[in-house]
Amino acid sequence: MKQFMDKDFLLSTQSAKDLYHNYAAKMPIVDYHCHINPQEIYEDRKFDTITQVWLGGDHYKWRQMRSNGVEEKYITGDATDREKFQKWAETLPKLIGNPLYHWSHLELQRYFGYTGYLNGDTAEEVWNLCNEKLHQDTMSVRNIIRQSNVTLICTTDDPADTLEWHQKIAADSSFEVKVLPAWRPDKAMNVEKPDFAAYITKLSAVSGMEIKDFASLKSALKNRMEFFTSQGCCVSDHALEYVMYVPADDAELDAIFAKSISGKAVTKEEELKYKTAFMLFAAKEYNRMGWIMQLHYGCKRDNNGFMFEQLGPDTGFDCINNYAPSAQMADYLNALSVTNEVPKTIIYSLNPNDNASIGTILGCFQSQFPGKIQQGSAWWFNDHKTGMTEQMTSLANLGCLGNFIGMLTDSRSFLSYTRHEYFRRILCELVGGWVDNGEYPDDQKALKEIIEGISYNNAIKYFGF
């Protein structure tokens with residue numbers, strides 16, 4: 001029996017162990033997509049309790065606590081931090097096979113030096129240990145980032161954001177880690193939302209341009225893109241129901257835009273036409289500027305209407321959407337390819353059944369740069385051992401795994417950098433298994449380049465950081 005989560009955790013072959021310890025473990029981290037708050041980095045926040053770090057906004061954990069019958073009072077309600085932590089500690093032992101069990105214990109080991117296991121009985125011990133450590137200067141936000149060996153972070157930012165905290169971080173020579181904004185224009189794209197008109201008014205004010213039709217919207221967005229570029233931005237991100245392609249002419253688009261800002265509901269067809277045009281415009285601008293386009297799709301959000309009314313979005317009530325016509329995604333990229341305007345693109349689906357279709361679409365539009373069109377790492381409900389293994393195996397089968405840009409946290413937690421370790425161990429177990437099975441030679445020069453590339457180097461080259 002192996003020891004619980006020892007130095008060879010998830011590594012079952014000698015080749016896997018060698019690849020991880022000799023190559024992957026030594027690489028820094030570039031977190032090119034996350035949801036952490038740049039203000040907290042600038043202010044170098046220190047957390048009062050482990051509950052603030054673990055349960056303050058982690059809807060992964062909230063879902064599991066609800067699955068364990070925990071009252072909402074102890075999840076997002078007014079219970080004390082100690083009470084909330086106790087309920088999480090009592091839930092954790094039941095999560096056998098769940099990545100949260102591994103992530104939580106990796107964080108306890110790496111940041112707090114705790115090598116036991118958390119449950120209801122050990123909760124008091126772990127609570128005291130973690131809180132004592134969190135009060136030390138070594139566990140401020142900046143020092144957590146430093147000890148995690150992170151070299152660069154891309155946050156998630158709206159076109160109307162001032163980026164003041166990014167500017168303050170950039171001007172602070174005492175912090176050596178780069179923190180760059182990433183462009184997330186969903187609010188300008190979501191023409192079907194009831195708050196679309198209010199957002200357009202806000203965007204008009206911040207851009208200094210009157211937005212009265214689709215053409216003037218594009219001008220305002222170009223204005224904000226130039227500002228984001230001046231602040232070091234080179235990455236965009238889009239949350240889509242799916243990658244659609246329903247083309248329309250300018251007159252139709254202006255009519256749809258006018259309908260929405262007047263407060264009238266648009267039809268589903270009108271929504272798809274507007275979003276198609278929006279995404280074509282955005283991609284062409286990204287190509288012109290040398291930005292990377294990330295497409296996240298396959299999620300059906302806010303499914304529990306009763307809880308949404310109480311808690312709002314991003315609180316743990318989302319699921320996989322299995323409607324994503326790959327033909328439309330291919331048509332979208334093809335429309336860009338006609339004029340040679342496909343930007344570097346990373347495609348993520350929340351549905352693991354889309355792995356193969358993504359893998360085949362990639363090969364249709366590769367050119368000019370190794371791995372120009374990427375399949376993104378296993379995302380959200382898929383970033384567990386099975387999901388990561390399946391995603392990388394599919395990419396290896398259908399594409400070029402050696403050019404894969406690897407892992408990101410996609411997290412709101414400053415302790416989530418251990419997810420990179422988790423990913424790298426799974427990567428080395430997969431590749432090491434192929435080597436030990438005679439499916440790939442024990443060519444250390446090639447293996448070193450592959451493992452170090454997927455862990456860190458490929459992303460640095462791909463984004464041009």
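Guide: In this predicted model, strand β5 (residues 292-297) and strand β8 (residues 344-349) pair in the parallel sense, over six bridges. Within this pairing, His-296 has Tyr-348 of β8 as its bridge partner. The two strands belong to an open sheet of four strands, ordered β4-β5-β8-β9 and paired in parallel. At the edges stand β4 (235-240) and β9 (373-375), each of which pairs on one side only. On average, neighbouring strands of the sheet are turned by 20 degrees against each other, direction ignored.

Two helices that lie across these strands may now be considered. Helix α17 (residues 355-362) lies across β5, β8 and β9, and runs at about 165 degrees to β9. Helix α20 lies across β4, β5, β8 and β9, and its direction makes an angle of about 130 degrees with β8.

At Gly-453, α20 bends by about 75 degrees. Gly-453 is also one of the buried residues of α20. Others in that buried set include Glu-452 and Ile-454, together with Ala-446, Leu-447, Tyr-456, Asn-458 and Phe-463. After α20 comes Gly-464, with a positive phi near 75 degrees.

Conventions:
Residues numbered from 1 in each chain as written. Predicted model: local features only at pLDDT ≥ 70, side-chain atom pairs only at ≥ 80, totals over all residues. Heavy atoms only, no water. Bend = angle between axes of the 7 residues up to and from the residue. Buried < 20%, exposed > 50% of the residue type's maximum accessible area, 1.4 Å probe, protein only. Pairing = 2+ DSSP bridges. Axes fitted to C-alpha atoms, helices over the stretch in contact; angles between N-to-C directions. Contact = heavy atoms within 4.5 Å.
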